[in-house]
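Visitor: Could you walk me through this structure step by step? I am new to reading such pictures.

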Amino acid sequence: MSAVTGTSGKLREHVATIVVAALGTLFAVTLILGTGILTAALDPALIEESGTFRLVLLMVSLIFIIIALYVGAIVTANTFATVIAGRTRTIALLRLIGATARSVRSRVAGEGLLMGALGALIGWVLAEALALAVTRLGPGWGWLPDGRDYPLFDPLSLAAVVIVALTTWAAAWAGSRRVASVSPIAATGAAVELRPEAARGRSGRSVWAVILIMSGCALLALGLVLGFLTPLALFVAFIGGLTSFTGIAIGAHLIMPPVLRLAGRVIGRGPTGALAAANAMRYPERSARSTIGLVIGVTLVTLFAVALDSYRSMTLLAFELDPAMARALDQTLSITTGIFTGLVGFSAVIAAVGLVNTLSLNVLQRTRELGLLRTLGFTGSQVRRMIVAESAQMTVAALGLGLALGIGYGWVAAQTLLGSQVGLAAPSIPWPVLAGVVVFGALLAVGAAAVPARRAIRLSPVAALAAD
């Protein structure tokens, strides 16, 4: 283990990294093995007639694997950025005795590679165990045909393990970029986060965010116009959506504070609510790291649900299908929506892990602050309510922004695909799916705050004030 790890790195700092890598690998390997099992379960004659069947399934699976890896990489990068903020004192001491920023950053990235490899191995073992259980129990339970030779290993699964480990390493390197800005004088402090004025002052990042958002919005608008002429406009809109959303992710330190301020009005007044709102606004970088992963997950789930539901309603409007065909289409798209929502929802689970971990690390790094509040007269219950309120505020902000973006992107996708057939149509909102997302968010807000809140109220004020 690295010098950084030996002095201040705790295993609990990397629990989320291991879990995210394990979940990503479990998801990827399960899809790869599931493709082979499904291919073996189908009629061999059908497979011979369609030699590209497995290739098509793998391509569809690849899309969702990339989405999961993308979300996982952002969560891991944000986790390591939070870890670096908490290791400021140790890193500053290492810099003071001659360590270069690159060497320290390489050691931190090495931790990412090690934790990513460990998590990927755990995920691979779980996926293999799941595939074994399905192939052994499936025929007896009527899930799979009996007497078939179902594959339990695929070389691509090992490639998935390597890719997840390398992705985690790259994300750790990206998340540790602030190492170079840690000065020896910072050895006198604990966790250091950028203040609002410093975060806004990151002009290069902010300029790129604005350029990407404006360019993406222009492409989305162009896609909508071209959609009245050809369904190929969907590709223009896709590039626009990807560009604009990348800008939103890069510029989260500018976008999330006003959203958090609005969400702060939802959590109520009173000293604990007001303090929670102030804490979320005080360090926009920290708040952005905590919420942007969940914003991505919610946006993806909502996007697929709204796009498919809007496609269904627009198709029925455009072609005036007879009742039998309409019911068949409705049933097919309902199943497709459920499958896609479940696959993309896995990315939302990964994002939720990031929110829980980042909040836990933040509370761990704010031990002195919480001790000072206790000294000033805050009771344990008030501190717990403050942490729960912070979690609720971040979750509400992430849900609100994610739902708004997902509805917008989903409608644009359906409109550009069928605009030439139906003209301008309103989006169709799948309320049960959105209600499920909101319930998931409410449970997440409570669950994310449970462990750090319990730890915070167990500390005595004296011990908290004496903590590093």
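Guide: Helices are DSSP runs of H or I with at least four residues, strands are runs of E with at least two, and both are numbered from the N terminus. This is a predicted model, where local features need pLDDT of at least 70, side-chain atom pairs count only at pLDDT 80 or more, and totals for chains, interfaces and linings use all residues. Residues are numbered from 1 along each chain as its sequence is written, and side-chain values use heavy atoms, with hydrogens and water left out.

Visitor: In which helix does arginine 286 lie?

Guide: Look for the helix that spans residues 284-319. Arginine 286 lies in helix 13.

Visitor: Is arginine 286 buried or exposed?

Guide: Buried means under 20% relative accessible area, exposed means over 50%, and partly exposed is in between (1.4 Å probe, protein chains only). Arginine 286 has a relative accessible area of 7%, so this residue is buried.

Visitor: How many Å separate the C-alpha atoms of arginine 286 and alanine 81?

Guide: Along the chain, these two are 205 residues apart. In the model, their C-alpha atoms are separated by 8.8 Å.

Visitor: Why does serine 310 count as buried?

Guide: Serine 310 is found in helix 13 too. It counts as buried because its relative accessible area is 0%.

Visitor: Which residues is serine 310 in contact with, leaving aside its neighbours within four places in sequence?

Guide: Contact means heavy atoms within 4.5 Å. With those neighbours set aside, serine 310 touches Ala414, Pro427 and Ser428.

Visitor: How many helices and strands does the protein have?

Guide: Buried residues make up 49% of its 468 residues. Among contacts between residues at least 6 apart in sequence, 86% join residues at least 24 apart. As for the count you asked about, there are 18 helices and zero strands.

Visitor: At what angle do helix 2 and helix 7 pack?

Guide: Axes are lines fitted to C-alpha atoms, for helices over the stretch in contact, and angles run from 0 to 180 degrees between N-to-C directions. Helix 2 covers residues 15-41, helix 7 covers residues 155-175, and their axes are 9 Å apart. The packing angle is about 155 degrees.

Visitor: Is helix 2 roughly parallel or roughly antiparallel to helix 7?

Guide: Angles under 35 degrees count as roughly parallel, over 145 as roughly antiparallel, 65 to 115 as roughly perpendicular and the rest as oblique. Residues making the contact include Gly24 and Ala28 of helix 2 and Ala160 and Val164 of helix 7. From the angle of about 155 degrees, helix 2 is therefore roughly antiparallel.

Visitor: At what angle do the axes of helix 10 and helix 16 cross?

Guide: Helix 10 runs over residues 233-250 and helix 16 over residues 380-422, with axes that come within 8 Å. The two are roughly antiparallel. Among the residues in contact are Gly241 and Phe245 of helix 10 and Tyr409 and Val412 of helix 16. The axes cross at roughly 165 degrees.

Visitor: Which residues in helix 11 does helix 10 meet?

Guide: Helix 11 spans residues 252-264, and its axis and that of helix 10 come within 5 Å and cross at roughly 75 degrees. So helix 10 is roughly perpendicular to helix 11. From helix 10, Ile248, Ala249 and Ile250 take part, and in helix 11 they meet Ala252, His253 and Ile255.
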